[in-house]
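Reader: I am new to this structure and would like to be guided through it. Please show the sequence and the structure, and then take my questions in turn.

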Amino acid sequence: GYIFGTEEYAGGISINQVYSSSYGCDVDYVIPGHLSKVTTDATQLGYGAFHNCTMLQTIECNSVTTAKEYAFRGCTALTELSMNAIDGTIPTGMLMGCTAIKEFTVPSAVHAISDSAFSGCSSLLRLNSSEDGHFELFDEITTIGSSVFNGCSKMKSIHLPFIGASADATGKEVAFGDS
């Protein structure tokens, strides 16, 4: 939001964005109300980069390899998100509350999905799949955080990779949570 400023004007929408996990800083930016698509060749998205941008419908992140926490949180009109280059980790709350997104492809270089990454994505219908209601997590994913799919009510089936010390693990070594 900082590229647009904080001065109110006709046709602008005031958006409260959080921009620092360390200090809990937030500010009200005024963004053009008709802005529905953003394309970026940036390689990194900062904390809360598009937080609460409720007018955005399409975001193309052509070169983003790293995204920080809550990058798209609260983008309630977001229906299309392209992030084919992200590497390593889907951060905490990345798509939290993106209630309009129906499909997402986790890039193949991702090995971890952090807490609440897709929490509240009530319209999410497909994840790495062409089949409605099916979510597919490939075997390269070795870490899955808590509440990742909280509120993903369209899910009918999910393929989970093996995660854990061994197939017969117990206690803290168990594949998903404590037994």
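Reader: Which three strands form an open sheet, and in what order?

Author: This is a predicted model, in which local features need pLDDT of at least 70, side-chain atom pairs count only at pLDDT 80 or more, and totals for chains, interfaces and linings use all residues. Residues are numbered from 1 along each chain as its sequence is written, and side-chain values use heavy atoms, with hydrogens and water left out. Strands are DSSP runs (E, at least two residues) numbered from the N terminus, and two of them pair if DSSP finds at least two bridges between them. The pairing in this open sheet is parallel, and the order is β8-β10-β13.

Reader: Which are the edge strands?

Author: An edge strand of this sheet pairs on one side only. That applies to β8 and β13 (143-144).

Reader: What is the bridge partner of Ala 112 in β13?

Author: Strand β10 comprises residues 110-113 and pairs with β13 in the parallel sense over two bridges. In β13, the partner of Ala 112 is Thr 143.

Reader: Why does Met 96 count as buried?

Author: Met 96 is placed in the loop between β8 (88-90) and β9 (103-104). Buried means under 20% relative accessible area, exposed over 50%, and partly exposed in between (1.4 Å probe, protein chains only). Met 96 is buried because its relative accessible area is 19%.

Reader: Which residues does Met 96 contact, leaving aside its neighbours within four places in sequence?

Author: Contact means heavy atoms within 4.5 Å. The C-alpha atoms of Met 96 and Tyr 70 are separated by 7.0 Å, although these residues are 26 residues apart along the chain. With neighbours within four places set aside, the contacts of Met 96 are Tyr 70, Arg 73, Gly 74, Ser 116, Ala 117 and Ser 119.

Reader: Is Ser 116 buried or exposed?

Author: Ser 116 lies in the loop between β10 and β11 (126-127). Beyond four places in sequence, its contacts include Met 96 and Val 148. With a relative accessible area of 14%, Ser 116 is buried.

Reader: How many residues has the largest nonpolar core?

Author: A nonpolar core is a set of buried Ala, Val, Leu, Ile, Met, Phe, Trp, Tyr and Cys residues joined through side-chain atoms within 4.5 Å. Among the residues with the most contacts inside the largest one are Phe 72 and Leu 81. β2 (26-32), β5 (58-61) and β10 each supply at least two residues of this core. The number of residues in the largest nonpolar core is 41.

Methods: Helices (H or I, at least four residues) and strands (E, at least two) are DSSP runs, numbered from the N terminus.
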